[in-house]
Amino acid sequence: SLTYNGEDIPLSGEVPRDADIYIKVSSGGSGERTGLSEKGKVGVFWMTTRRAVVEGMPRMLLIYSSADISSLPEGLQEELGIDEGYTQLRRGAQVVEEGGGEIEGEERERFIEGLIRVKESQGLYAMKVGAVETKGGRYEAVMQIPPTASVGIDMVDIYVVKGGEVLEHQRKVLTIENAGIGGWLTEMAEERGLLYGLMAVIVALSAGLAVGGMFKGGGSH
């Protein structure tokens, strides 16, 4: 609906005794391109001083766990792509200057860090330690999909870890798509472009006439 504010999706299942649960909600990083602008002071004005494109970072990464991320061995953190510093994501990202070559070194890290901060502020990147509850041989968690999540197919990986080893791994598919009025308008724009364009013109003309009618006859001063 037009008042969509995200979605809470409950997850539950069985868990062995003394095992921990790690849930990763992620979208594929391949093909993702995000443009960033860096501001700087030029004289007395703040202006865009540099533009770059970050490639290979997923559009969404949400981590839910029943235990601290640090309790996972470093090798397993890298294998699962679950670590508090987003190390694997940083390593696989590429930063390219708009209209130029690849950016490396400290400048590369600055753009990647900036993108991570933006994603975190939008609720698209998050590490929620303790968000999975384990009790009586079962686990429960609530995936909080933010309203800023874009349409696409995401993966939900559920890892059962005990003694530094993965006992079980399940993968679920999470499909995010437009629905309600938003879905109807999107479908019309993609499949019935002419009708959508005519409707947009009619709405614009109607709004213009309505505004004109409101101020008509106001008189002169």
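Predicted model: local features only at pLDDT ≥ 70, side-chain atom pairs only at ≥ 80, totals over all residues.

Biologist: What makes Tyr 86 buried or exposed?

Modeller: Tyr 86 has a relative accessible area of 5%. The term buried applies under 20%, so Tyr 86 is called buried. Tyr 86 is placed in the loop between α1 (74-80) and α2 (87-92), and its phi is near 55 degrees, a positive value in a residue other than glycine.

Biologist: Why is Asp 18 called exposed?

Modeller: The relative accessible area of Asp 18 is 62%. Asp 18 belongs to the loop between β1 and β2 (20-26). Asp 18 is not a glycine, yet has a positive phi of about 65 degrees.

Biologist: How do you know that strands β1 and β9 pair?

Modeller: Strand β1 (residues 7-14) is joined to β9 by eight bridges. Pairing requires at least two bridges, so β1 and β9 count as paired. The two strands run antiparallel. As one instance, Leu 11 has Ala 141 of β9 as its bridge partner.

Biologist: What makes β8 and β9 a pair, and how many residues lie between them?

Modeller: Three bridges link strand β8 (residues 133-135) to β9 in the antiparallel sense. The requirement is at least two, so β8 and β9 also qualify as a pair. Glu 133 has Glu 140 in β9 as its bridge partner. β8 and β9 form a hairpin with two residues between them, and Gly 136 in the turn has a positive phi of about 60 degrees.

Biologist: Which residues of β9 make up the covered face, and which the uncovered one?

Modeller: In strand β9 (residues 138-145), the covered face consists of Tyr 139, Ala 141, Met 143 and Ile 145. The uncovered face holds Arg 138, Glu 140, Val 142 and Gln 144. In a regular strand, side chains alternate between the two faces of the sheet.

Biologist: What does the radius of gyration of the protein chain show against the value for a compact globule?

Modeller: The protein chain has 23 Å, whereas a compact globule of 221 residues would have a value near 17 Å. Along its principal axes the C-alpha trace spans about 80 × 50 × 40 Å.

Biologist: What share of the residues in the protein chain counts as buried?

Modeller: Of its 221 residues, 33% count as buried. The accessible surface of the protein chain is about 13,900 Å², and carbon and sulfur atoms contribute 52% of that surface.

Conventions:
Residues numbered from 1 in each chain as written. Heavy atoms only, no water. Rg over C-alpha atoms; globule rule 2.2 N^0.38 Å. Buried < 20%, exposed > 50% of the residue type's maximum accessible area, 1.4 Å probe, protein only. Areas by Shrake-Rupley, 256 points an atom, 1.4 Å probe, with all protein chains shown as cover. Helix = DSSP H or I, 4+ residues; strand = E, 2+ residues; numbered from the N terminus.
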